[in-house]
Amino acid sequence: MCAKVNLLIIVSLFVLTNADYWNDREKLIKREESQMLGSSIILNEAEQIANKILMGYKYSEYDAGFQNPGIFAPGRHFFQSKRDVENSKVFSFIQKVPKGGALHGHDTALASFDYLYSLTYKANLYGCTVDGRIRLKFLSYQEQDKTCKWTLISELRKNEPDFDKWLRSQLTLDVSNPREEYPDINAVWKAMSDIFGTVDPLLNYKPVFEEYLYQALLELYNDNVMYLEFRGVLPAMYDLNETVYGPMQVAGIYKEVVDQFKKDHPNFIGARFIYAPSRKVNNATVENYIKIVKELKKNYPDFLAGFDLVGQEDLGLPLTEFINHLDQIPKDIDFIFHAAETNWFGTSTDMNLVDAVLLGTKRIGHGYGLVKHPAIMEIVKEKGIGIEVCPISNQVLMLVEDMRNHPAAILMAQNYPVVIGYDDPSFWSTKGLSYDFYMAFMGIASRSADLRLLKQLAKNSLTYSMMPATEKKLAIEAWETDWQQFIDKIISENYNC
Ligand SMILES: *[C@@H]1O[C@H](CO)[C@@H](O)[C@H](O)[C@H]1NC(C)=O
Ligand SMILES: *[C@@H]1O[C@H](CO)[C@@H](O)[C@H](O)[C@H]1NC(C)=O
Ligand SMILES: [Zn+2]
């Protein structure tokens, strides 16, 4: 009798403990899920239906990868997985999502590669080869040059059967065997700076640049992106009659193109410019940058979004070199610094984060090293400093091989103010923001991250933009309308078939 009772007590105790265990487990999971980027969003009924459709696609692709890792697109190099991404149902869903703004991109690398290449068919484009690299320039006549034999591209094309294949290879990083082609990070950056060197004189011909920027905006617009903040060095532009346009005029040309695009596409909110010249310079040059940015602020107070310095951070120079000058910039000009685009923990590149934050940066470009700096992470969250994560850029420029190892996973798990950027889409054959969104959603975020993450990322891109408050409010309202229409469209598409 007694033994029986004891047994009963033991069994019921065990059942109780067991139930507690599963309860605790559930609670712990819920607690973590409630801290994720997007978890504060409550989906309405229609959104829940759209979410079910999205997650059906996601689980099927994600779990296929879990079973067979070799096929998982975010785990492979983008140059080898691009076609699979384009065939993904998650990707076509993401293309339709109103994604808000693109906040990280560089002016001469924004448009798709195919469009860039089509520009080499323009009249008056000459080329000559120096040390195995093509130089390009628009000329009204055949220029005589001792070091370089300028020839019309149309003629080179006619005369050399392999010319096109070679010319293409001069304008892109996209190769079939990236890991052999680029043995280390310095090699891939060298290749990229060579491409910039080739592309810039092609694009800095004023009529071509106007078309190019217009096309870059159009590609975003067609990808359901409504706003852009782009960085540029304000290079001298030229015309066939030898007119040269200086930085102020170039900024004016950019602004005119943006205004024209807005007129043609009233649903596009607009674009702003971040003056971001090279960081590999001396103090005198930085002093001159500051003169230029002050003048930009005076002439284009609304168009200028802020100031930054660009170039491979690992090769210098760190922000500490220029503190004296940067500290002098008037407070109405905002910093939007690239910082810690590196995997070298504790180096001067990594420490750029400290200076960026102390100088009051409004956002951080990449911030790849951020998760190793708990004190800076605290400041980032407290001050709402947007982190511009550019997944495909980080892979192509050799910070991460497999998106599942991207440190932004940690930022997303804890609701840091992440936004998604595309950096230099021309050079890695993407178009618009959807490819980078796909990598963030499928490769970096949790398996369970759903429509709320996409919604939050889109919202963040407007919240952390440099739009003035009134414009921002209107932009968010316009985006909410687009979002509602998008949800309706997803549902009607799925119930018609
Ligand atoms: C040069 O060409 C541009 C555009 O073709 C034109 O607007 C400008 O007036 C010309 N400048 C001179 C000095 O002829
Ligand atoms: C700029 O000036 C500061 C202060 O004199 C100096 O510490 C720094 O090394 C200089 N930077 C460069 C790139 O010369
Ligand atoms: Zn960048």
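Two strands are said to pair if DSSP finds at least two bridges between them, where helices (H or I, at least four residues) and strands (E, at least two) are DSSP runs numbered from the N terminus. This is a predicted model, in which local features need pLDDT of at least 70 and side-chain atom pairs count only at pLDDT 80 or more, while totals for chains, interfaces and linings use all residues. Residues are numbered from 1 along each chain as its sequence is written, and side-chain values use heavy atoms, with hydrogens and water left out.

Strand β12 (residues 386-389) pairs in the parallel sense with strand β13 (residues 418-420) over 3 bridges, and β12 also pairs in the parallel sense with strand β11 (residues 363-366) over 3 bridges. The residues that stand opposite each other are set out here.

| Residue | Opposite residue |
|---|---|
| Arg363 | Gly386 in β12 |
| Val389 | Ile420 in β13 |

Between β11 and β12 the chain passes through helix α15 (residues 374-383), and this β-α-β crossover is right-handed, meaning that, with the strands pointing away from the viewer, the path from the first strand over the helix to the second runs clockwise. In a regular strand the side chains alternate between the two faces of the sheet. In β12, Gly386 and Glu388 point one way and Ile387 and Val389 the other way, and all are buried, that is, under 20% relative accessible area, with exposed being over 50% and partly exposed in between (1.4 Å probe, protein chains only).

A nonpolar core is a set of buried Ala, Val, Leu, Ile, Met, Phe, Trp, Tyr and Cys residues joined through side-chain atoms within 4.5 Å. The largest one has 155 residues, of which Leu173, Tyr254, Tyr275 and Phe307 touch the most other members, and helix α9 (residues 185-203) gives the largest share, 10 residues. Because domain 1 (93-116 + 185-483) and domain 2 (124-181) both contribute residues, this core lies between them; the domain bounds come from an automatic or database domain assignment. A second, separate core of 5 residues includes Tyr126, Cys128, Leu139 and Cys148.

Is Leu167 buried or exposed? Leu167, which is placed in helix α7 (residues 163-169), counts as buried because its relative accessibility is 0%. Not counting residues up to four places away in sequence, Leu167 touches Tyr117, Thr120, Ile134 and Arg157, where contact means heavy atoms within 4.5 Å. Leu167 and Arg133 are 34 residues apart in sequence and 9.1 Å apart in space, C-alpha to C-alpha.

Notes
Chains lettered and ligands numbered in written order.
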